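Subject: Structure for you, with notes

Hi,

Here is the model I said I would pass on.

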Amino acid sequence: MSDYWTTMASLVGMLAFCQTIFQLVFPPELRLAVIHLLTRIRHVFSSHIYFDITEIDGVNTNELYNAVQLYLSSSVTVNGAVSSNNNTRLSLTRVPNSSSVTFGLSNNDRITDVFNGVTVLWEHVVVQRQVQSFSWRPMPEEKRGFTLQINKRDKTLVLDSYLDYIVGKSEEIRRRNEERLLYTNSRGVSLDSRSHPWDSVRFKHPSTFETLAMDPEKKKRIMEDLREFANGQGFYQKTGRAWKRGYLLYGPPGTGKSSLIAAMANHLGYDIYDLELTEVQNNSELRKLLMKTSSKSIIVIEDIDCSINLTNRGKIKKRNGSSFDPDLTNGSGSIPSMDEPGSSVTLSGLLNFTDGLWSCCGSERIFVFTTNHVEKLDSALLRSGRMDMHIHMGFCRFPAMKILLKNYLRVEEDEIDGVVLKEMEECVEEAEITPADVSEVLIRNRSDAEKAVRELVGVLKERVVKRRKSGGEKKKKEEGGGEEAEEEQEKRALDSPNRNREVFGFQEEEEDEEEEEKEKRQ
């Protein structure tokens, strides 16, 4: 037994001696150089190439690492776009301000992805850091990164297209997962550079283009326009235009203007800034509010014709014969006093807000104006570049009514009696009923689809009878009712500046000037 232990001790001593001789003959620097040489030789003869994407680049966070992590951790991972073997382990996470659970690649695990027919391999490498020396910014205990393995022949494709695709996809996923916010401005909020003049709440409006009661062709045009805008960064840069778009929603109350705005926000994943003009004291404050809005947002001014008086652009005659500039007034035609609170936002200030130099201080913004009376708006506000797309929100038509029936009653067109459906189609045009009124009837009877349909038909017929008795057809013709007449009114408002001057009160100014000329001649 003693011989055994003696032999073992001799072997240990010999190994220690050999290790000492090896360290003396091959110092650490030489050993490291040999390892590097072998690695380079392996890379030369290997058909693969490797890229390391670390979490922290020096002292800064590597944005590409975050993009790859989000791309690989999206729900697309488990749906087949990113394939994995059965041994791959995924972690579940839910970050703050996120509306969904995401899947993440576990530590030191691998997963494959396919891009344009090219297969790549991702590995999530996590190692413990060595003991840190003193640093003003302590580093995380773990060193994290992704290693990308590709074939050498695919290097150009990966570097030129694949990484850009990952960054773009991650931004889309982040915008889709984050909860959207609804902002509003309030009077008395500090507007210095250290504060935020907008108050926000979570935006939970469920309206989508699928549920929106609107003509399908019109919805298709709006969605295509929004899609081209969101994907048009290169186009706007090449043409030298600010990356923004303006929409005017006009029509009777209850026709779904607010629902359309919510559907636009949900479709694009944008935040909404609901601007209350009556709470804005002057043009300077309006510009500061614009500067504090973020990109990828919709700036909404509802009922623009009712907010403040923005139509009188000329100098208005006072009774004592003097004149004053409405740009110095509170917007209602009177000079503001120190004791009289009010908004002095002018039409000029609003035009610069939507289409001036200050409108270019951000990118990817949409301006939406709503009004019930488009003929009251100044033509300068309606022209292209400020309101690029004019959308008439009219009374409920038969295609929109079928959408409402599906939304509230969960019934398809073929599930409704053909005779009843025909009566609806014949009555709805003449009844001139808004989607809001139709929705109220359906909500009230949502538990009984047959009863809801019968009552809706009765309401439509009753409205038709009332309109005929009260001379509805004649009134409709005189007032230019219907969508075509509304659009014709808008066209006249755009094409007839002299008419606008007459409507907006400039005729009285011209008459006063003529009287003044007569007095001078006398």
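Which hand does the crossing of H13 and H15 have? The crossing of these two helices is right-handed, meaning that the near helix is turned clockwise from the far one by less than a right angle.

Before the rest, the ground rules. This is a predicted model, where local features need pLDDT of at least 70, side-chain atom pairs count only at pLDDT 80 or more, and totals for chains, interfaces and linings use all residues. Residues are numbered from 1 along each chain as its sequence is written, and side-chain values use heavy atoms, with hydrogens and water left out.

**The chain overall**

The chain holds 20 helices and 17 strands; these are DSSP runs numbered from the N terminus, with helices being H or I of at least four residues and strands E of at least two. Of the 522 residues, 37% are buried (buried is under 20% relative accessible area, exposed over 50%, partly exposed in between, with a 1.4 Å probe and protein chains only). The accessible surface comes to about 31,100 Å², and 51% of that belongs to carbon and sulfur atoms (Shrake-Rupley method, 1.4 Å probe; for residues, only the protein chains shown count as cover). Among contacts with a separation of 6 or more, 68% are between residues 24 or more positions apart, a contact being heavy atoms within 4.5 Å.

**Helix pairs**

Two packed helices are described by the angle between their axes and the distance between the axes. Back to the pair I opened with: H13 (residues 398–409) and H15 (residues 435–444) pack at about 30°, with axes 10 Å apart. (Axes are lines fitted to C-alpha atoms, for helices over the stretch in contact, and angles run from 0 to 180 degrees between N-to-C directions.) On the H13 side you will find Met401, Leu404, Leu405, Tyr408 and Leu409, and they meet Pro435, Val438, Ser439, Leu442 and Ile443 of H15. By class, that contact has nine nonpolar residues, one polar and no charged. The classes go like this: Ala, Val, Leu, Ile, Met, Phe, Trp, Tyr, Cys and Pro are nonpolar, Asp, Glu, Lys and Arg are charged, and the others, Gly among them, are polar.

For H14 (residues 418–431) and H16 (residues 449–469), the axes come within 9 Å and cross at roughly 35°. This crossing is left-handed, so the near helix is turned anticlockwise from the far one by less than a right angle. H14 brings residues including Val420, Glu423, Met424 and Cys427 to the contact, and H16 brings residues including Leu456, Leu460, Arg463 and Arg467. The H14–H16 contact divides into 10 nonpolar, no polar and six charged residues.

Seven bridges link E1 with E8 (residues 142–151), and Phe51 sits opposite Leu148 of E8.

Inside it, E11 (residues 244–250) and E16 (residues 365–371) run parallel over seven bridges, and Tyr247 is opposite Val368 in E16.

**A few single residues**

Met223 is in H6 and is partly exposed at 23% relative accessibility. Leaving out residues up to four places away in sequence, Met223 touches Phe209 and His267.

Lys296 sits in the loop between H9 (283–291) and E13 and is partly exposed at 27%. Arg410 lies in the loop between H13 and H14 and is exposed at 68%.

Cheers

Terms used: Two strands pair if DSSP finds at least two bridges between them.
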